[in-house]
Amino acid sequence: MSLDQLTITRVGDRVEHADQGEMVLNMGPQHPSTHGVINFVVHADGEVMKRAIPQVGYLHRAIEKIGEIVTYNGFMPYTDRVDYLAAMFANEGYAIAVEKLMGLQVPPRAQYLRAISCELNRIASHLVSIGTMAMDIGAVTPFPYALRERESINDLIEALCGARLTYNYHRIGGVAFDMPDDWIPLCRKWLDHFDKTLDEWDRLISRNEIFVQRLAGLAVVPAAMAIDYGLVGPNLRASGVDFDLRRDHPYGAYADFKFEVPIGKGYAGARAGGKVGDSYDRFYCRVLECRESVRITRQACDKLPGGEFMAKVPKKIRPEAWSEAQSRIEAARGEMAYYVVSDGGERPYRVRARTGSYLAMGIIEDLSRGLMIADLVALIASLDVVAPEIDR
Amino acid sequence: MPALTAEQIHQRLAARFGEAIGALSPPKKDPFFTIAPEKLLEVARFLKSDPELSFDFLQDLTATDHPKDGVIKVVYHFYSYQHRHLLAAKVHADRKSPELDSLEPLWKAANWMEREVYDLYGVTFRGHPDLRRVLLPDDWVGHPLRKDYSEAGGYHEISNVRDNPLDLYLNLDRMVKAQQPPPPAPQPAAAAAKPAAEPPKGA
């Protein structure tokens, strides 16, 4: 038996032979830098990887199967858990899909409340993403800075809906509660403070030499490859594709707001080797998106209409038999598409949540060839994958 | 770049592929149509390469199980970034041995999505380079999202049944009382000699 055949790894039914001198390591599933419980079977020749094969499913909670057992309204708390870092989007996507099935019109105030809560949640999610990315790379300071800002957002949202993480705020037909009277001044005060904090960020990490060198030119994804692999959201825009569902297929109140859509331009700069679609672009697009979210929230607070926050929804939600609807929303991690099929009963026939992180996992193996193990950490962090979105 | 409506896309495909394309569903729901399974790869190639359609993004690939009709319907959603139009199509796979052509050669996004459909529904995809389970452990038996799935006996001796906690809670009093020794018989003389009620605590 030659030395080649001595070390093999079974990754499911796929047998990988390790070449001579290659190490096979498991990175995960318990690992502080894999953004959740994800395992990577890494074939490494010293520090350089031949390939990294992701293995997911450690957080699979059968949410889609549960969708067939509970009622339409009862499924809403489960959508929070599809992505608990950006739960408002998951709520909204499901609500829009069922509202399409039932033909419900959501009142304008509810649309604005949804937009405000979603944009705040987007900032919170990007803060976690950027903070953990910096921490994974080794810059430990930005993480508590990011979480401190996120605490303020949590406080604001708690005043709005009573929860800090899994909100169950958007309901079928509108939102669950109206805004408290003193909420908007508090929100505006925080938005002004956060603008200054973003400038601080730029000084703290975005222009930090070591941070830029770690990310610039790493795992460049050209636009055609990004579309082919199905990347969405900031990952797609960083590769240069100018597409944002909020602007191009507006839903809810987004048609009323003016905002820019940041796309990748090689922000790291030529001297560092920055290219369009590298990890630094993916990171910096998120920072710029935070600024745009602040703009949108300000506009929404200024223009908030009065009126109802919930449409007249029948007591038992029972869409027409064999109707189906797909809703697409621009979540923090990309386009989230909910596909709901109804068979005429009180419970859905099928609920499907297609998330951005799941598609991003498909590209990791092909991007990881030739990277170093520390680069794999930076790559996973720049794609902003989270385990609950992948596994559901 | 004009975005075509569902009817226009359906007409274009029906003109080219004839009976392989089913009728467009009524406009009350999100419109979709069926594609014959043997023509799937050809139709998909046309969807991607035709300049007026140019569906470059495989937006979603999932399935629904219909045991009463004996099919597993695999649902495809395509989107075009160039023209900004969306398409939903379904392919029926026979439930007894569901097998379809893989779209992985055309869109790499199909790789992981077809693995998920294989994992949860049992549909195999011909030509997929790496068809193995993704969300469940590799030695899992069965395909959970099927309507007739039942977890037989747990996994590796980890049971998946337990007593209803509500029953346990309701019967807890009775169970605890049954285990305690019976209380001692009350002494009338000692009871009469007890002082008056104690003054209430606090204010």
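1. A:Asn168 lies in the loop that joins helix 5 (142-161) to strand 6 (170-171) of chain A. Helices (H or I, at least four residues) and strands (E, at least two) are DSSP runs, numbered from the N terminus. Although A:Asn168 is not a glycine, its phi is positive, at about 50 degrees. A second residue other than glycine with positive phi is A:Trp322, near 55 degrees, in the loop between helix 11 (279-303) and strand 8 of chain A. Most residues other than glycine have a negative phi, and most peptide bonds are trans.

2. Basis of the note. The model is predicted: local features need pLDDT of at least 70 and side-chain atom pairs count only at pLDDT 80 or more, while totals for chains, interfaces and linings use all residues. Residues are numbered from 1 along each chain as its sequence is written, chains are lettered from A and ligands numbered from 1 in the order in which they are written, and side-chain values use heavy atoms, with hydrogens and water left out.

3. A cis peptide bond. The bond from A:Gly28 to A:Pro29 is cis, its omega being near -10 degrees. A:Pro29 belongs to the loop between strand 3 and strand 4 of chain A.

4. The sheet of chain A. Axes are lines fitted to C-alpha atoms, for helices over the stretch in contact, and angles run from 0 to 180 degrees between N-to-C directions. Strand 4 (residues 39-45) and strand 5 of chain A are paired antiparallel over seven bridges, and A:Val42 faces A:Ala52 of strand 5.

5. A helix pair in chain A. Helix 3 (residues 87-102) and helix 4 (residues 108-137) of chain A have axes that come within 8 Å and cross at roughly 145 degrees. Contact means heavy atoms within 4.5 Å; the residues that make it include A:Met88, A:Phe89 and A:Ile96 of helix 3, and A:Ser117, A:Cys118 and A:Asn121 of helix 4 of chain A. By class, six nonpolar, two polar and four charged residues take part. Ala, Val, Leu, Ile, Met, Phe, Trp, Tyr, Cys and Pro count as nonpolar, Asp, Glu, Lys and Arg as charged, and the others, Gly among them, as polar.

6. Salt bridges. The whole structure has 46 salt bridges over all chains; the criterion is a side-chain nitrogen of Lys or Arg within 4 Å of a carboxyl oxygen of Asp or Glu. A:Arg333 and A:Asp83 form a salt bridge at 3.0 Å, N to O. This pair links distant parts of the chain, 250 residues apart: A:Arg333 is in the loop between strand 8 and strand 9, A:Asp83 in the loop between helix 2 (76-80) and helix 3 of chain A.

7. The interface. Chain A contributes 47 residues to the contact and chain B 43 residues. The two chains bury about 3,800 Å² between them, 51% of it on carbon and sulfur atoms; buried area is the accessible area (1.4 Å probe) that two parts lose on being put together, summed over both. Seven salt bridges cross the interface of chain A and chain B. A:Asp248 is joined to B:Arg84 by a salt bridge, with the closest N and O atoms 3.4 Å apart.

8. The chain A side. Elements of chain A that each supply at least two residues to the side touching chain B include strand 9 (334-342) and helix 12 (356-367). The largest share, five residues, comes from strand 8 of chain A. This side of chain A has 20 nonpolar, nine polar and 18 charged residues.

9. The sheet of chain B. Four strands in the order 1-4-3-2 form an open sheet of mixed pairing in chain B. Strand 1 (33-34) and strand 2 (57-66) of chain B are its edges, each pairing on one side only. Strand 1 and strand 4 (residues 86-94) of chain B pair in the parallel sense over two bridges, and B:Thr34 stands opposite B:Lys90 of strand 4. Helix 3 (residues 110-121) of chain B lies across strand 2 and strand 3 (71-79) of chain B, at about 10 degrees to strand 2.

Note on methods: Pairing = 2+ DSSP bridges.
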